[in-house]
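Dear colleague,

I am handing over the structure below, followed by notes on what was found in it. Please read the notes with the coordinates open beside them.

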Amino acid sequence: MNDIKINFQNLFKLLNDKDYVVVKLDPNFPEYVPGQDIDIYCRNIEETSRVIISFLTTFINNNLS
């Protein structure tokens with residue numbers, strides 16, 4: 001198993017009440033290779049992206065800009 005730094009299953013729990021679909025999810029999910037992407041289609045992009053950005057912000061080093 002890869003050294004998973006972000007548990008994307010936790011992100012999908014936050015998106016539980018949103019209308020979205022994951023397209024072409026890697027069969028090895030939740031394992032991933034750095035640089036790999038997840039394609040998400042959603043009904044309300046502002047609301048869904050707000051949840052995703054808020055979730056991912058917790059993983060950003062404060063020294064980044």
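The side chains of R43 and D19 form a salt bridge, with N and O 3.2 Å apart, where the term stands for a side-chain nitrogen of Lys or Arg within 4 Å of a carboxyl oxygen of Asp or Glu. Because R43 lies in the loop between β2 (39-42) and α2 (45-57), while D19 lies in the loop between α1 (8-14) and β1 (20-23), the pair ties together parts that are 24 residues apart in sequence. Helices (H or I, at least four residues) and strands (E, at least two) are DSSP runs, numbered from the N terminus. R43 is exposed at 71% relative accessibility, whereas D19 is partly exposed at 49% relative accessible area; buried means under 20%, exposed over 50%, and partly exposed in between, with a 1.4 Å probe and protein chains only.

This is a predicted model, in which local features need pLDDT of at least 70 and side-chain atom pairs count only at pLDDT 80 or more, while totals for chains, interfaces and linings use all residues. Residues are numbered from 1 along each chain as its sequence is written, and side-chain values use heavy atoms, with hydrogens and water left out.

The structure holds 4 salt bridges. Another of them joins the side chains of K24 and D39 at 3.8 Å, N to O, and since K24 lies in the loop between β1 and β2 and D39 in strand β2, this pair ties together parts that are 15 residues apart in sequence. K24 is exposed at 69% relative accessibility, and D39 is partly exposed at 27%.

K18 also forms a salt bridge with D17, their closest N and O atoms being 3.1 Å apart; K18 is buried, with a relative accessible area of 17%, but D17 is exposed at 60%. D17, K18 and E47 are linked in a network of salt bridges.

The largest pocket has a volume of about 300 Å³, and of the 21 residues that line this pocket, F8, Q36, D37, I38 and D39 are the closest to its centre. A pocket here is an open set of points on a 1 Å grid over the protein atoms alone, where a 1.4 Å probe fits, with protein on both sides within 12 Å along at least five of seven lines, and lining residues have an atom within 4 Å of a point. α1, β1, β2 and α2 each supply at least two residues of the lining of this largest pocket, and the lining residues divide into 14 nonpolar, 2 polar and 5 charged.

Best regards

How values were computed: Grid points are joined across faces, edges and corners, and a volume is the space filled by probe spheres set on the points. Ala, Val, Leu, Ile, Met, Phe, Trp, Tyr, Cys and Pro count as nonpolar, Asp, Glu, Lys and Arg as charged, and the others, Gly among them, as polar.
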